[in-house]
Amino acid sequence: MKWRQKVDRAFGGLLAALLPPRCLLCGADGAHGRDLCAGCLADLPVNTCCCARCALPLEHPAARCGICLKREPPFTAAWAPFRYAHPLDLLEARFKFHRDLAAGRLLANLMIEAAKEQLSGPMPGLLLCVPLHRDRLRERGYNQALELARPLAKALDIPLDADALIRLRHTSAQTGLDAKARRRNLHEAFAVRTDTQLPAHIAILDDVMTTGTTLRECARVLLRTGVERIDVWALARAPARGSQ
């Protein structure tokens with residue numbers, strides 16, 4: 001194993017010398033071996049002031065935001081290291097809709113670094129990701145949540161099950177729908193494979209958590225199987241509508 005690591009480091013060094021990193025946002029020289037310059041890194045909107053329960057960006061940190069007080073989430077905690085805002089949204093759009101896997105690798109690396117700094121306490125025994133319906137997967141070519149989950153699970157040494165959650169039907173896009181319409185759109189849209197063995201504590205990952213409807217529905221389905229604790233993770237959390 002040590003010789004393989006040495007070969008990987010040597011190959012990585014050679015590749016970096018031949019193809020030095022360039023910032024995917026502005027085209028300047030990349031910093032710290034990433035395709036992101038120091039200036040654009042500093043511009044990324046971090047989500048440090050948020051609801052401890054659902055990670056909703058807030059003006060002042062709180063144990064629970066007004067939304068969680070009104071309608072308690074079915075998950076225990078949420079973690080999203082970034083806010084879904086400029087310029088992170090540009091990288092996410094390139095990754096999700098334009099098949100830019102270089103942007104995906106960069107976002108995964110940023111998520112890993114944040115996880116190692118921010119996640120504490122008991123770690124989940126299994127990581128799941130929000131599934132795509134087979135029609136959407138065929139159209140897009142990959143599941144963006146899974147592409148983030150794979151390197152994160154490896155870095156945190158958490159088992160990943162890409163098939164435990166399944167999407168039963170092809171739902172319409174959530175964009176533009178209000179909270180009630182989002183819930184109706186995703187009602188009974190997910191299921192757990194019958195042969196899946198789940199530990200007591202799991203985490204579900206999605207790329208962007210907008211209203212949280214998708215992750216709430218996934219959590220509800222998983223709770224029915226007897227899972228005791230569910231955490232939800234996302235690369236970015238969108239602010240409440242009207243807050244910007």
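Biologist: Is C23 buried or exposed?

Modeller: Buried means under 20% relative accessible area, exposed over 50%, partly exposed in between (1.4 Å probe, protein chains only). C23 has 5% relative accessibility, so C23 counts as buried. This is a predicted model, where local features need pLDDT of at least 70, side-chain atom pairs count only at pLDDT 80 or more, and totals for chains, interfaces and linings use all residues. Residues are numbered from 1 along each chain as its sequence is written, and side-chain values use heavy atoms, with hydrogens and water left out.

Biologist: How many disulfides does the structure hold?

Modeller: A disulfide is a covalent bond between the sulfur atoms of two cysteines. The cut-off here is a pair of cysteine sulfur atoms within 2.5 Å. The structure holds 0. For C23, the closest cysteine sulfur is in C40, at 3.7 Å, too far for a bond. For C50, that sulfur is in C49, at 7.1 Å, again too far. C50 is buried too, at 17% relative accessibility.

Biologist: Where is N143 found?

Modeller: N143 sits in the loop between α6 (134-140) and α7 (144-156). N143 is buried, at 8% relative accessible area. Its side chain reaches the backbone nitrogen of A145 at 2.9 Å. A polar atom of that side chain lies 3.0 Å from the backbone oxygen of V130.

Terms used
Helices (H or I, at least four residues) and strands (E, at least two) are DSSP runs, numbered from the N terminus. A polar contact is a pair of N or O atoms within 3.5 Å; within protein, one must be able to donate a hydrogen and the other to accept it, and residues adjacent in sequence count only if both atoms are side-chain atoms.
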